[in-house]
Structure formats: structure tokens, C-alpha cells
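Student: Hi, I have a new model open and would like a walk through it. Can you help me get my bearings?

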Amino acid sequence: MPRLTEQERQEILRYIEADKPLPDKYRFLLFEDKREVELVWNGKTSEVCNIVLPFQVIEQVDEPRAEKPEDTAIQSSLFDERGRQLRGWTNKLIWGDNKLILSSLKNGPLREEIEKQGGLKLIYIDPPFDVGYDFSMDIEIPSSDGTSATFTKKPNILEETAYRDTWGRGADSFIAMIYERLALMRDLLSEDGSIYVHCDWRVNGYIRLVLDEVFGKGHFNNAIAWHYSGWNKKLSTSFERRHDTIYFYAKSDQPIFNSFFEPWESKEAYVKARKQKIRIDDDGREFVLSDAGGGQRIKRYLDEVMEQGVVVDDVWNLDKINNSAKEALGYPTQKPFILLERIINASSNEGDIVADFFCGSGTTAAVAERLGRKWIATDLGKFGIHTTRKRMIGVQRALKADGKDYRAFEILNLGKYERQHYIGVNPNLREAEQQKQLEEKEAAFLDLILRAYRAEKTTGFAAFHGKKAARLVAVGPVNLPVTRLFVEEIILECRKKHITKVDILGFEFEMGLFPNVLDEARSKGIDIAPKYIPADVFDKRAVEKNQVVFHDVSFIEVKPHVSKNTVAVELTDFSVFYSQDSIANAESAIKNKGSRIVVEKGQIVKVSKDKDGIVTREVLTKQWTDWIDYWAVDFNFESKREIIRVKDEDTGAWEERWTGDYIFENEWQTFRTKKDRSLELKSVFHECMPGRRKIAVKVVDIFGNDTMTIVEVSVGKSGGKK
Ligand SMILES: C[S@@+](CC[C@H](N)C(=O)[O-])C[C@H]1O[C@@H](n2cnc3c(N)ncnc32)[C@H](O)[C@@H]1O
């Protein structure tokens, strides 16, 4: 029988003619030299992403709530009197898809910084094997009857796309997703580094083979069975599944490894395990006889054995987190502290960098910080990033209270540049061709946004691109925030052509643009509605299905209080304009005696039907403060420039460049926790140098989205709001 069918021959020819790599399956058909065992899936390729995008720092948390200079005394060698970390490594919490993050870490300038710290020693990942669970969030909202209602926030389309890419084609797409990321992680690890991959029965068979391929069979160390307790049901076709598997692979034969002990349950348990009887020596000490090899028997004293404990093997009996556990944060897939404590202690040393690229609620980072390690944590979900931010501030506060050391951390993303990448022009083209490609791409971008917004294209305007009902639509630039200048040009054209209703769509709006610019336009009879373009516009399917929602910009109002050379900020109003589902929809969909929670135009409403089908609506967000989960203040905004490192195309060297933005330095913050739902509405008075300054206030709502506003104040004898 011929080795290849006619169809396969044709397919190979097509690949060759298109100058594309052959799919892996042909390796087996064309060449004799096969690997022993290998997992092959549809679309398998050894190509790995090598894009480098600059990281953008969106927030820096130096020392939380450093209210007075004395507060920084504990680590005065590491922090200045304003609470800024003076030197050394800053921990990193990165928002975005870990594929781009990993390839930017691997190939970009941060790599050098990582290597300077001795390299990345340990990676723990717990990828989303709990199908569909990870991006939906249950948010507790207090009800009028004193109980609380649970609202399930659906994933946004970006998260849904990630989920679809991961699970859309079942195991195939999951394995393809993890394979590429594992290859990138392997390249990032230092030679003495290790990786722990957490998985359950659904995917552990595949992951083992993928890890064998990426790390080499010889670098397999353990398949740890994490067994957890629970109430076993008697099932009719199988046993209860009661463990997860954590694969431990090393990059080389010489990984960092610290074996450790746990205490014996009791003296009796030890004696039983040894199958020996207790003897007593002349001094009255209890011992058992133990085989020391070569027929030799030695005495093992029970007091010493009990002190030392039993060396840990690869079956770990540790409880899962239950809802009432002290550490529970309400993140559905949160793993226990004690599990990560074992892994981090075993495979890293103090001062080492530990990373988790699917960090969820930030367990790895929290444990790493407590154990004196440096950390990098990344997640695609905003809610995960926000949960980790709060958690890490909590850890910093606790360490500070105990007089222990902790590090600053920064929150980064690739946001602006991910979009730039989308419009990216091939740098290898000639200049004229580059220009042509740029124009084409920009036109395609405009079309895409207008289609997603369901607006018609218009011509003949300088500032406008489309029209939707009675409103003209202006689309902001793809790789820059909407600036004051951009809005001023819109106002100018409105005045010339008597236009009164405008929507501005932007990925980002220059900080401090609102609400002033809107008031100014209103005073001229122009109604401007700024709206955020969600990242999901890049998802073709979402656009086709009309699923893309452009949110109004949230609104914050603050009042500064100046007293001599101190200033405090009071939060006086906040509004959001989200929608998820609709009241009308819920009313027709729910059955008698049922209820559903929806979000409509910034109100969370519980819609219920009684036994006779009578509908009632209860607004759960009665006060504006109900929307706020967290807010923070930078008392001297614009004092830290955001610097990125980009490659000089001519010399190939990395150059520092100011992006024109400033980093939000988180100097004071208050937030709700699962246990303490209260929120302060006024910050402490913060000592400042006399003079004019800008204060930035960031608010994060209960869905994890953040907004910022800026106020200018004069501090000193004649202080007050500008
Ligand atoms: C099982 S959870 C991790 C839970 C975590 N171990 C903890 O203790 O909280 C998986 C996480 O992976 C994140 N995730 C999924 N796909 C991702 C991607 N492509 N890039 C980054 N994070 C991703 C999800 O948002 C989710 O938070």
C-alpha cells in the first residue's frame, strides 16, 4: 500500500507551493525517524510566538497606606520617606494574554532584569481546566432584607474568546494553547529552575505527554497527587474523583530542591508504620529498631523522630478551600495557601523569582511574598488582577504590621500595544508600501469599529467617521488615547456645521479629560457621549453577532480637603453605565416563583415573579457607593513618568522612552473584602510639600473595571481646590 494517499500528496504540494510548514502528521508519514511516543493533534506546530511588545506600567503600589514618614521606618533602607521603593526588583502583576506576555518577557528587555536577579527559578501554573468556570464571577450584592443576592457577571467577550480558544475545539484547542505556552515558559526558566503544572482528570493524560515533549522525559520529577477531603457519594458507575495531579518537571538534572518533613500524626502512627514495638533504653528513652541496610539495625529514638517528622512524598493530603475558610476570597478556583507553600519552599530559595502565568486570585504571589520570594503573576481576567491587587496589598499590610520585609509591586499590561500590534505594518516593506498598508489597515480598523457600533459610514467630515441615528460618531486613534485636542477639533466642527449630538469612541481617554470637557461642550449646546471601545471588537464572531457593547465612561466626583500642608480626598459620587441582560428579557424568561438579577444602565436589579406570575423589581444598587469595590489615591500625580523600553531599529539596542503618560502611584487605598464590606469615603490627611499639585483618584467597581479622575489643589497656607 502506498505510504501517502492521493489527497495527502495534493495537500503536501499545496503546503510546499504556499511555502508553509508541513503539519506534523506528515512527519510520521514521510520519515522513518519517529519519536517513541508523541502526542499529535490537529494543527500541531512547533512554531512559537516571538512577538515583543513593551510593557506599560499602569499602577505602582510601593508601600500601602504610608501616611506619615514614620510609617516607612521599618524598611527605611528600601523605601524613601514618600514610601517609594528605592532600588531592587519590583514584583510584577501583569494583565493580558499570557502568550504575548511570555513571548515579550522571553525576548524583550525585561528578560535582562529577570536574569540579573538570578533568573526565573520556579513556575507554578493552574490553567483553566475547570471548563467555563474561570471567567464568570459571582458577585455578592446586599439585598434590602439584610441577606445578600448573588449576581453572576458573565465573561466579557475578550475573556469569552480566550475561553473559546482554549476549549472551543475541546482537548485539541486546550492542548495547542498550553503547548505553546509551556515551550515559552521552558525558555524563560533558569537552568536550575522547575515547573509545577496543576491539572485534573480531564487533561492530565495529555499534559503529561506534552510536558515530556517540551521538558524531556528525563526531566520528569513527580506526579504529585493532591488528595483533598470531602463527603464521598456512592456513585453508580465510578468512584468519587478526589484528587488533582500536579506535574513537577525540571529544566535540567540539577534543579533547586529542598525536601521537607511534616510532623507525624502521633507516636503510635509512627510505630505502626515501622511495624515495630517500642523499646526503652537504660536512660528511659523510647526507641524502635530500624533497618540501616546490610543487616544492620539501629536505634531510632521516638523523641527525635517526633521532632523531625516524616519526609514528604508525592501524595499530599491537604484540605481544599471551603467558603468559610479564613483565606477564601470568593474566587471559584482559588487554591490553598498551604499547597503553594509546599511547592515554593521545595523548589525555590529566599530571594528567588517565582512566577504564575494563570494567577487567578494570586495565591502563588501571596505565598511567594510571605516566603521572601520575588514574583511575577499574570492573568487575562480583570477580576483576577483586581483580586490579586487587593490580596497583595493585604499581604503587604500584614507583613508590615508584623515588622517584616515586603516589596513594592507594579501592575502592567500590554494594552495599548496589543492594539498597535493589531494595526501593525510590516516593517520589511518599502516606505511607500508601508504607507499604503497603514492606510488600508486604518480604513479596515474604522470599518470594524463602525460595524461593531452599528453605525453607518459617513464622508465629508474632518472629525467624524460615522452616523448612528441622530448622532455623529468619531472614532479615536487605534494606538493613542483620545486627547483634549481631538475633542476640541470635534467641538470646532460641531460649531461650524451646527452639529449637536456626538458619540466619541475611544480605547482610552486622556486622563483628566472628563468631566470638564463635556461641561465645556454642553455650555456650547453640544451633547458629547464618550464611550469605550471594548477589546472584543477584534473578535469577528462577536461583531457578526452584534454582541459588542460600548460602555459609557464611568464618572467620579471627588472633593479635596486641604488643611495647612496636608490634603485629604473625599469621594462624593460615582456612576457606571453597564448593562448585562435586560429587565424586559428577564421578565419574559423567568418562571413563576423564580428570580433573576440583571444589570441595566448602571443599576443592578433583581426581577422576581411570585406564584401568580406577578413581577416585582428590586433595585439592589441603591446608593452610588454600592458600585465601588476599591479606591485609591496618588497624592502627587505626574511625579513618576511612564518609561518603556523599545528597540532602536538601527542599532538594535534597547532604548528608554517616555510614553507621555504618568504612573499612578498608589499611596493610600481602601477596599471591601469578603469579610469586611465597609468602605471609607474619605482618605487620611496626607502631608505634602506646599504648592500646586495634581491628585489622582482611581476607583475600581465591583466588576473589576477601573476609572480615574484628577483634581488640582494648592497646598500651603492659602490652599484649596483650583
Ligand atoms: C484555575 S484559575 C487559577 C486559580 C489560581 N491558581 C488561584 O489560586 O486563584 C485559571 C486562571 O487562568 C486565567 N487565564 C485563562 N486563560 C488565560 C490566558 N490566556 N492568559 C492569562 N490568564 C489566563 C483565568 O482568568 C483564571 O483566573
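Tutor: Happy to, and we can go through the chain as a whole, then its cores, its strands and the ligand.

Tutor: Two notes before that. This is a predicted model, where local features need pLDDT of at least 70 and side-chain atom pairs count only at pLDDT 80 or more, while totals for chains, interfaces and linings use all residues. Residues are numbered from 1 along each chain as its sequence is written.

Student: Okay, how many helices and strands does the chain have?

Tutor: The chain has 18 helices and 36 strands. Helices (H or I, at least four residues) and strands (E, at least two) are DSSP runs, numbered from the N terminus.

Student: And what percentage of the 722 residues is buried?

Tutor: Buried residues account for 35% of the 722. A residue is buried if 20 or more other C-beta atoms lie within 10 Å of its own, exposed if 12 or fewer, and partly exposed in between, with C-beta atoms placed from the backbone.

Student: Which residues touch the most other members in the largest nonpolar core?

Tutor: That core has 103 residues, and Ile123, Met185, Val197, Leu211, Ile695 and Val697 touch the most other members. Helix H6 (residues 171-188) supplies the largest share, nine residues. At least three residues come from each of domain 1 (56-260 + 312-419) and domain 4 (555-721); those bounds come from an automatic or database domain assignment. By a nonpolar core I mean a set of buried Ala, Val, Leu, Ile, Met, Phe, Trp, Tyr and Cys residues joined through C-beta atoms within 7 Å.

Student: What does Leu211 touch?

Tutor: Leaving aside residues up to four places away in sequence, Leu211 touches Leu182, Val197, Tyr247 and Tyr249. Two residues are in contact if their C-beta atoms, placed from the backbone, lie within 7 Å. There is also a second, separate core of 30 residues, with Ala455, Leu472, Val473 and Leu505 among them.

Student: What is the order of the strands in the five-strand open sheet?

Tutor: The order is E18-E19-E20-E21-E22, and the pairing is mixed. Strand E18 (456-457) and strand E22 (527-532) are the edges, each pairing on one side only. Strand E21 (residues 501-506) pairs with E22 in the parallel sense over six bridges, and Gly506 stands opposite Tyr532 in E22.

Student: I clicked on Val576. Is it buried or exposed?

Tutor: Val576 counts as buried because it has 23 C-beta neighbours inside 10 Å. Val576 is found in the loop between E24 and helix H18 (583-589). Not counting residues up to four places away in sequence, Val576 touches Ser554, Gly602, Trp627 and Asp701. Asp701 is 125 residues away along the chain, yet the two C-alpha atoms are separated by 8.4 Å.

Student: Why is E28 largely enclosed by the rest of the structure?

Tutor: Nine of the 10 residues of strand E28 (residues 628-637) are buried, so E28 is largely enclosed. Seven bridges join E28 to strand E34 (residues 691-701) in an antiparallel pair, with Phe637 opposite Lys694.

Student: Last one: how many residues surround the ligand?

Tutor: The ligand is surrounded by 20 residues, and the closest are Phe358, Gly360, Ser361, Thr363 and Gly381. A residue is near a molecule or strand if its C-beta atom, placed from the backbone, lies within 6 Å of it.

Methods
Pairing = 2+ DSSP bridges.
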